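Hi,

Here is the structure I promised to send over. Have a look at it first, and then read on for what turned up.

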Amino acid sequence: MQQPLSLSTVGAAAGTAQLRIMETTDLHVHLAPYDYYADRPAQHLGLVRLAELIDRARAEAPNTLLFDNGDFLQGTPVGDYIAYDRGLRAGEMHPVIAAMNALHFDAITLGNHEFNYGLDFLLRAIEGCDCPVVTANLLRGIATQPRRDLSLTRPYALLDRVIHDQLGQPHPIRIGVIGLAPPQVTRWERQALEGRVWSRGIVEAARAWLPELREAGADIVVALAHTGLGQMGADEDAENAAIALARLDGIDALLAGHSHLVFPGPGIAASEAVDPHAGTICGKPAVMAGFWGSHLGVIDLLLQRDGGGWRVLGSRAEARPLAQLDLMPDGWQRSAHAAVQAAVPQPAPRAPAVRRTVRPLHDETLAAIRKPLGTTQIPLHSYFAMLGRSGAVALVAEAQQHRIRERLAGTALSDLPLVSAVAPFKAGGRSGPDHYTDIPAGPLALRHVSDLYAFPNALCALCLTGADLRQWLERSASAFNRVAPGQTQEVLVDRLSAPYEFETLFGLDYCFDLSRPARFDLRTGAIHPQNARVTSVTLHGAPLADADRFLVCTNTFRANGAGGFAGTGPDRIVHCEGETMLEVLRRHLATGKAVEAVMSSPLRFAPIPGGRAVLSTGRGAARHLDSVSDLAPQVRPQGRDGFLEVMLDFTTPRSGDA
Ligand code: MN
Ligand code: MG
């Protein structure tokens with residue numbers, strides 16, 4: 001049984017060695033410490049500064065390994081700039097890979113977002129990677145059993161290293177590294193991957209491959225798993241399977257991610273499987289290093305030479321915030337024993353080299369994203385997107401509706417009533433109080449396009465029934481906690497709801513009564529069909545009938561089934577040409593005419609006499625309270641966690657009948 005590791009209590013011993021395993025995850029092209037949407041520096045994200053933290057963590061320990069856990073290729077205007085504008089010239093390395101090479105990673109794995117720009121782009125991007133790229137369950141060919149599959153990259157790597165024990169003696173060690181990713185990626189990126197990439201469940205693939213790593217002589221096995229925690233009894237093909245994975249024999253350290261959470265950290269509570277104090281999942285040391293370079297995952301293993309191999313005596317796991325770098329003194333001490341310090345020279349810092357590789361790209365990207373595109377006469381923000389009142393969301397709805405109308409003109413589908421569905425991708429929530437769109441009236445540049453739409457989803461259309469749409473609306477209405485007459489609800493938007501699942505349906509008119517119980521239970525996943533918060537839905541004044549048919553503009557993420565919305569799935573898509581929403585928006589804004597107005601909100605709220613509730617939003621919302629003036633907004637003096645808290649009164653919300 002492993003014990004929590006404390007180096008101070010472990011005496012120097014021959015054949016006892018400390019091995020430090022470090023993780024970056026979900027970098028999403030955050031290299032320079034810069035927020036390209038806001039066009040201003042952001043000191044606590046990005047690989048350039050994280051490299052400084054890595055240098056220090058390397059200097060503290062004699063034996064270290066560095067891994068990236070995936071989702072590195074997409075997520076900022078930098079990634080889009082490379083994929084769409086500049087391209088990858090022949091023989092040129094992707095800047096993220098160049099930065100990783102400069103930092104000397106030992107192995108990396110693929111996340112779901114690696115596929116956003118298509119398979120060919122990904123394969124070219126990772127061509128120049130100096131370290132092994134491992135993925136065991138994303139496949140070029142699927143066989144009857146996992147070990148016969150043809151994996152997209154190698155399923156695992158064996159790293160032969162020399163480590164120094166606590167008396168400074170060198171010993172060989174073979175580290176096995178297996179890569180795993182959510183199998184859903186083939187569904188989420190169906191347009192790009194169908195017929196080219198297949199997938200298997202994370203646990204299924206790991207169970208099959210792990211014995212082979214041992215047979216191949218791995219002393220220690222590290223799972224690079226681009227997956228969140230999930231549950232004990234998770235399905236074989238669960239998106240989040242870290243807990244299920246940790247239960248398997250043959251894994252010594254678990255590097256997880258994908259969910260953008262931090263482990264060990266205050267956001268993840270103790271449970272049967274999870275011990276946040278010991279930093280273990282099912283007894284295995286584990287980390288999740290946040291996102292965008294916010295944290296460095298650190299697992300220290302204490303190893304004992306055992307015959308020809310190694311045994312894990314104890315472990316310690318930690319997620320170091322990048323913000324900690326500012327608090328560190330300039331000089332720092334190695335924590336290793338004196339003999340090791342003498343035997344292993346201080347590693348040369350890599351951060352300066354990382355900074356050098358990123359610099360030209362940073363300057364190029366800034367020039368590209370500042371190019372003028374068009375103008376807007378109204379501010380476009382998402383501070384009140386969760387109330388259906390967002391110019392930013394309405395503009396996206398307008399752009400996709402306009403494009404679908406254009407593409408389907410003259411076809412039978414164009415006879416159907418058109419509904420444009422948009423959910424805000426930047427509307428606070430788990431991503432924090434700075435994660436909002438806030439574009440002032442004035443010139444629009446390319447960076448604003450990626451601010452309005454942060455994912456490279458493609459435009460597509462579904463054919464849905466009135467019953468489907470009603471279910472979509474009940475789902476949106478379930479994002480709210482209940483607001484009772486005469487009472488104050490301290491938290492209006494349920495913390496478990498995700499803004500990107502709050503669909504606003506432009507083209508309809510509808511009313512939410514938040515005093516009624518929700519249909520969707522976000523805690524248990526249960527659906528209570530008898531509950532209805534949507535009290536009316538009309539199309540041009542006529543009530544919606546369940547059997548009515550609609551053409552619904554949406555994106556590939558939703559249409560392919562993400563979030564499990566009614567009527568979605570690959571076979572339900574009636575139009576998709578792979579045109580990205582960024583291209584659609586860019587085209588819409590570049591037509592030369594200024595944005596003067598956007599579609600008005602289709603959502604109104606039923607009056608709840610004396611019913612008040614607190615909305616947490618971004619601080620910039622204070623400048624835009626006029627958009628919720630009917631809800632008598634009152635800003636609270638002190639907001640939690642950096643959010644602006646606005647008390648809203650639902651006694652006389654704006655009437656939608658006018
Ligand atoms: Mn991610
Ligand atoms: Mg992911």
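Let's start with a helix contact: Pro-95, Ala-98, Ala-99, Ala-102 and Leu-103 in H3 touch Ala-353, Val-354, Thr-357, Val-358 and Leu-361 in H10. Sorted by class, that contact has nine nonpolar residues, one polar and no charged ones. Bear in mind that this is a predicted model.

As for the geometry, H3 covers residues 95-103 and H10 covers residues 351-369; they pack at an angle of about 165 degrees, and their axes are 8 Å apart. Angles over 145 degrees count as roughly antiparallel, so H3 is roughly antiparallel to H10. Their crossing is right-handed.

H10 has another partner, helix H2 (residues 77-86): the two axes come within 10 Å and cross at roughly 75 degrees. H2 and H10 are therefore roughly perpendicular to each other. On the H2 side the contact uses Pro-77, Val-78, Tyr-81, Ile-82 and Arg-86, and on the H10 side Leu-361, Glu-364, Thr-365, Ala-368 and Ile-369. By class that gives seven nonpolar, one polar and two charged residues.

Now for the metals. Which residues hold the manganese ion (ligand 1)? Its protein donors are Asp-26 (OD), His-28 (NE2), Asp-71 (OD) and His-260 (NE2), at 2.1 to 2.3 Å from the ion. Along the chain these donors follow the spacing D-x1-H-x42-D-x188-H. Asp-26 sits in the loop between strands E2 (16-24) and E3 (34-35), while His-260 sits in the loop between strands E14 (253-256) and E15 (262-263), so this pair ties together parts that are 234 residues apart in sequence. Asp-26 is buried, at 0% relative accessible area, whereas His-260 counts as partly exposed at 25%.

The magnesium ion (ligand 2) takes Asp-71 (OD), Asn-112 (OD1), His-226 (NE2) and His-258 (ND1) as its protein donors, lying 2.1 to 2.2 Å away. Their sequence spacing reads D-x40-N-x113-H-x31-H. Asp-71 coordinates both metals, and the magnesium and manganese ions are 3.4 Å apart. Asp-71 lies in the loop between strand E5 (64-68) and H2, and Asn-112 in the loop between strand E6 (107-109) and helix H4 (119-127), so the two tie together parts that are 41 residues apart in sequence. Are those two buried or exposed? Asp-71 is buried, with a relative accessible area of 0%, and Asn-112 counts as buried too, at 7%.

Cheers

How values were computed
Residues numbered from 1 in each chain as written. Chains lettered and ligands numbered in written order. Predicted model: local features only at pLDDT ≥ 70, side-chain atom pairs only at ≥ 80, totals over all residues. Heavy atoms only, no water. Donors = N, O, S within 2.8 Å, 3.2 Å for Na, K, Ca; no water. Helix = DSSP H or I, 4+ residues; strand = E, 2+ residues; numbered from the N terminus. Buried < 20%, exposed > 50% of the residue type's maximum accessible area, 1.4 Å probe, protein only. Axes fitted to C-alpha atoms, helices over the stretch in contact; angles between N-to-C directions. Parallel < 35°, antiparallel > 145°, perpendicular 65-115°, else oblique. Left-handed = near helix turned anticlockwise from the far one by under 90°. Contact = heavy atoms within 4.5 Å. Nonpolar A, V, L, I, M, F, W, Y, C, P; charged D, E, K, R; others polar.
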